[in-house]
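Biologist: Could you walk me through this structure slowly, please?
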There are 2 protein chains.
Amino acid sequence: MASTEQQAAGSERADLDELVQGVRAGRPRSIGRVISMVENGAAELPALTALLAADTGQSYVVGITGAPGVGKSTTTAALVAALRDSGQRVGVLAVDPSSPFSGGALLGDRVRMQHHALDPSVYIRSMATRGHLGGLSVAAPAALRVFDAAGFDTVLVETVGVGQSEVEVAALADATLVLVAPGMGDGIQAAKAGILEIGDIFVVNKSDRDGAQPLIRELRNMIALGTRGPGEWQPPIVTTVANENRGIDELRQTIDTFRAAQQASGEHRRRRLGRARQEVEGLALGQLRAELRLSRSGLDELADRVRAGELDPYAAAAQLLARHG
Amino acid sequence: MASTEQQAAGSERADLDELVQGVRAGRPRSIGRVISMVENGAAELPALTALLAADTGQSYVVGITGAPGVGKSTTTAALVAALRDSGQRVGVLAVDPSSPFSGGALLGDRVRMQHHALDPSVYIRSMATRGHLGGLSVAAPAALRVFDAAGFDTVLVETVGVGQSEVEVAALADATLVLVAPGMGDGIQAAKAGILEIGDIFVVNKSDRDGAQPLIRELRNMIALGTRGPGEWQPPIVTTVANENRGIDELRQTIDTFRAAQQASGEHRRRRLGRARQEVEGLALGQLRAELRLSRSGLDELADRVRAGELDPYAAAAQLLARHG
């Protein structure tokens, strides 16, 4: 028995080594398998992560965010082309925190992305994080680490939806683009709700449409009213018509300028530290949550007393923690 | 010193008693103060919650969700009027998980709500939960408990934004309305991304517009393809033109029908148990997170080693937990 187990463990280890080799070589199949393992919170992740750790730290992560309809996918596809033209290998991670589906369900719709589908220097992947133990703050950096180890120079992270999750994803990016477009009643309104302050670069897409100029003025005013101090990066506004490829080169150059400024000021390093902090904390809390759930019957009994009004939730939480150890 | 401290503690306790009296009497000022305490995670919350616990369990909570622009605020305002006509006291809680602002910033825009602003049987409040220690899963039930203790018959919870937070809020409601509208490119697309499965009642608002019939057909097909088994509640579709008050009475009646069915099947009780479970777990995890953050320097040091690639995040999380005890 013991020797069979040892053999099994040995062959599992060999499988992991092969996967790691595949990721390092940038093989799409290996990358895809490991990101699926991230999604599913596979038991092998800690071992895999340890094996990949030495190859990480090189990718530049650009978050792309904005309300539905502003043209995130089109802009992402155009940026991929511009980055490819400058010789980079490019990864795209589309994060959908609310969807239980994954692995291309979303990207199936993305006609513009198909242009890049046969280019071996581009890897595109959507990821669902709903139900992931540690949530987005754990799953996204883990997936980014896979792209990083696979040697992609830039990884574009596109978020789906508006809200807390976008703010979380922005915290994981080295640079965050906030996209708005004229003619969307909720463009700036959505931006107001928290995403305005996370923008390093603002992109007014569909800038050939009516309403672009007032939108740019409104954005400029809001940026001026922001909390950024003198000496800090002042977010520029880039205008694009992504589906005609207009303004995309300027956008790519603006990202380069931002990157150089952040590296010079030390802010780049501070953000990466913040990302690591969030990930470590998320993993630790995920572990604690799993332990609390193992004592499921205890939680259920306490919750039922709270439901019935016999116990207040703070007292119940204290009892749960006391039982847990 | 000791007697001064005792006096201070005594006067704090007297303040809390007065607040609790105010909430029980339905005084807007007291309700507002306690909800601000919920938002800010005030130290007095456990004591307040214990004092209010006995008065809770009576309010019916209706979640109202949908993409920006479908008419959530208008529908909410119309429902408030319909519920008032049937003699109910009504609370409205607008939850914005991504905003750091609170206390009316959002509701200031809501002209339609001003109609109810002078009615003492209606209390309207927006709440930001960003930065709240336990997040939405803790703050929302705590706020709902305040409305409950204040004797509101129905509390309408309107969410802002699309995504994970809406799913979380739905988990807290006794009944969840999912709103869609024709002419929104992302109406069903947004609904697909997780919110379709949380709808107890679907509302096609702006149903006098072009595209309403195809939208209803599409919804009906998606509901039919859903995972609900025979004997389970089959979500009905109600058509409304909320800004003309059309369909609102039917919507109110559909909510009543749903409520009766859920109470008869025991599902109502199961959901409330789930809500209590989520809250207790959220409070316990919030407490653990606070403890991890107290050992801030430990987390920072580990995170910096992860950033530098010297340590993988799983190993860092394990070390953090080991230090925490």
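Predicted model: local features only at pLDDT ≥ 70, side-chain atom pairs only at ≥ 80, totals over all residues.

Biologist: What share of the contacts in chain A comes from residues 24 or more positions apart?
Modeller: If we take the contacts in chain A with a separation of 6 or more, residues 24 or more positions apart account for 77% of them.

Biologist: Can you give me an example from a strand? Where is A:Tyr60, for instance?
Modeller: A:Tyr60 lies in strand β1 of chain A, which covers residues 60-65. In sequence A:Tyr60 and A:Asp153 are 93 residues apart, yet in space their C-alpha atoms are 6.2 Å apart.

Biologist: Is A:Tyr60 buried or exposed?
Modeller: A:Tyr60 counts as buried, because its relative accessibility is 2% and the cut-off for buried is under 20%. Leaving aside neighbours within four places in sequence, the residues in contact with A:Tyr60 include A:Asp153, A:Thr154, A:Val155, A:Ile255 and A:Phe258.

Biologist: Switching to helices, what span should α2 of chain A have?
Modeller: Helix α2 of chain A runs over residues 28-40, and at 1.5 Å a residue its 13 residues should span 18 Å, which agrees with its end C-alpha atoms being 18 Å apart.

Biologist: Which residues of α2(A) are buried?
Modeller: They are A:Ser30, A:Ile31, A:Gly32, A:Val34, A:Ile35, A:Met37, A:Val38 and A:Glu39.

Biologist: What follows α2(A)?
Modeller: After α2(A) comes A:Gly41, and the phi of this glycine is positive, near 60°.

Biologist: Which residue other than glycine has a positive phi near 65°?
Modeller: That is A:Asn245, with phi near 65°, and its place is in the loop between β7 (237-239) and α10 (248-265) of chain A. A:Asn245 is partly exposed, since its relative accessible area is 48%. In chain B, B:Lys206 also has a positive phi, near 55°, without being a glycine, and B:Lys206 sits in the loop between β6 (201-204) and α9 (212-224).

Biologist: Back to α10(A) then, at what angle do α4(A) and α10(A) pack?
Modeller: Helix α4 of chain A, residues 72-85, packs with α10(A) at an angle of about 75°, and their axes are 9 Å apart. The two helices, α4(A) and α10(A), are therefore roughly perpendicular to each other.

Biologist: Which residues make that contact?
Modeller: From α4(A) the contact uses A:Thr75, A:Ala78, A:Leu79, A:Ala82 and A:Leu83, while α10(A) brings in A:Ile248, A:Asp249, A:Leu251, A:Arg252 and A:Ile255. Sorted by class, the contact of α4(A) with α10(A) has 7 nonpolar, 1 polar and 2 charged residues.

Biologist: And in chain B, how far apart are the axes of α4 and α10?
Modeller: In chain B the axes of α4 (residues 72-85) and α10 (residues 248-265) are 9 Å apart, and the helices pack at an angle of about 75°. The contact of α4(B) with α10(B) has 7 nonpolar, 1 polar and 2 charged residues.

Note on methods. Residues numbered from 1 in each chain as written. Chains lettered and ligands numbered in written order. Heavy atoms only, no water. Axes fitted to C-alpha atoms, helices over the stretch in contact; angles between N-to-C directions. Helix = DSSP H or I, 4+ residues; strand = E, 2+ residues; numbered from the N terminus. Nonpolar A, V, L, I, M, F, W, Y, C, P; charged D, E, K, R; others polar. Contact = heavy atoms within 4.5 Å. Expected span 1.5 Å × (residues − 1). Buried < 20%, exposed > 50% of the residue type's maximum accessible area, 1.4 Å probe, protein only. Parallel < 35°, antiparallel > 145°, perpendicular 65-115°, else oblique.
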